[in-house]
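This report covers a few parts of one structure, taken in turn. The sequence and the model are shown first.

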Amino acid sequence: MARNERYKTAAAILFWVAVWQLAAMALDQKILLASPVTTLETLVRLLPTGAFWLRVGFSAARILLGFFAALAAGVLLAAASAAFGLVRALVQPLMQLIKAIPVASFIILALLWVRSANLAALISFLMVLPVVYTAVLQGILAADRQLLEMAKVFRLPFGKALRAVWVPQVWPYFLQSCAVAMGLAWKSGIAAEVIGLPAGSIGEALYQAKLYLETGELFAWTAVIVLVSAGFEALFLRALKAAGRKLGGMNL
């Protein structure tokens with residue numbers, strides 16, 4: 001990101017924090033709207049505690065498990081769908097169904113089959129899978145046919161064709177799907193925890209803060225979710241871009 005863009009982003013964040021502060025002062029009801037100062041104070045109080053980091057680790061491990069499992073499954077299913085029409089015909093309605101069903105319905109149904117401790121992993125997997133599948137399939141179908149014909153003419157081995165032809169063309173679609181899917185994984189995973197209430201999770205902390213009208217803590221945990229999600233997204237996308245440059249000089 002260019003320096004000017006960083007300044008603009010920082011200025012925009014400061015603007016909305018100021019709006020938040022003014023709204024909290026005008027309302028003057030901490031139980032309804034905690035101010036940024038109250039939220040920061042609560043966050044500073046939570047950070048040094050072991051329970052805080054255990055909750056973050058508990059939720060992150062399960063949400064990221066679902067996310068990475070969905071990445072692998074989405075890529076494999078997209079490749080199979082592009083290669084075999086029958087697979088695509090069978091998988092496409094399933095993906096449309098997953099996208100159409102509300103997250104809350106999935107969570108309630110899933111509670112019948114899995115323990116609440118594993119619920120976030122399953123829900124994250126289900127929410128991310130259609131995003132990755134659709135993007136990768138679109139990238140495969142949009143591949144330059146002339147390059148594919150050239151690879152056939154020169155009888156490139158599958159490994160070389162994959163690296164030289166397929167990966168550079170599908171990579172932008174995959175990268176974009178990851179940027180969208182990481183935030184979706186965290187939102188759906190935390191929603192699953194709020195309903196399933198697994199002990200020691202961020203979702204349980206959110207529910208308890210709401211139950212006891214601890215608005216400052218509710219806002220603080222929400223800020224933690226946003227920051228952790230953004231942090232993992234930035235790190236993962238940076239790793240993908242580095243991998244792309246090594247694979248084929250892709251600087252995306």
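This is a predicted model: local features need pLDDT of at least 70, side-chain atom pairs count only at pLDDT 80 or more; totals for chains, interfaces and linings use all residues.

Helix α9 itself covers residues 202-211. Its buried residues are I202, G203, E204, A205, L206 and A209.

## Helix α6

Helix α6 runs over residues 119-141, which makes 23 residues. From the first C-alpha to the last, α6 reaches 34 Å, close to the 33 Å expected at 1.5 Å a residue.

The helix has a kink of about 30° at V128, shortly before the proline P130. Is α6 mostly covered or mostly open? It is mostly covered, with 17 of its 23 residues buried.

## The second largest pocket

The second largest pocket has a volume of about 250 Å³. Which helices each supply at least two residues of its lining? They are α1 (3-27), α2 (36-46) and α10 (215-248). Of the elements in the lining, α10 gives the most, with five residues.

The lining consists of V17, W20, P36, T39, L40, L43, F219, T222, A223, V226 and L227. By class, nine of these residues are nonpolar and two are polar, while no charged residue takes part.

Notes
Residues are numbered from 1 along each chain as its sequence is written. Side-chain values use heavy atoms; hydrogens and water are left out. Buried means under 20% relative accessible area, exposed over 50%, partly exposed in between (1.4 Å probe, protein chains only). Helices (H or I, at least four residues) and strands (E, at least two) are DSSP runs, numbered from the N terminus. The expected span of a helix is 1.5 Å times one less than its number of residues. The bend at a residue is the angle between axes fitted to the seven residues ending there and the seven starting there. On a 1 Å grid over the protein atoms alone, a cavity is a set of points where a 1.4 Å probe fits but cannot get out, and a pocket is an open set with protein on both sides within 12 Å along at least five of seven lines; lining residues have an atom within 4 Å of a point. Grid points are joined across faces, edges and corners, and a volume is the space filled by probe spheres set on the points. Ala, Val, Leu, Ile, Met, Phe, Trp, Tyr, Cys and Pro count as nonpolar, Asp, Glu, Lys and Arg as charged, and the others, Gly among them, as polar.
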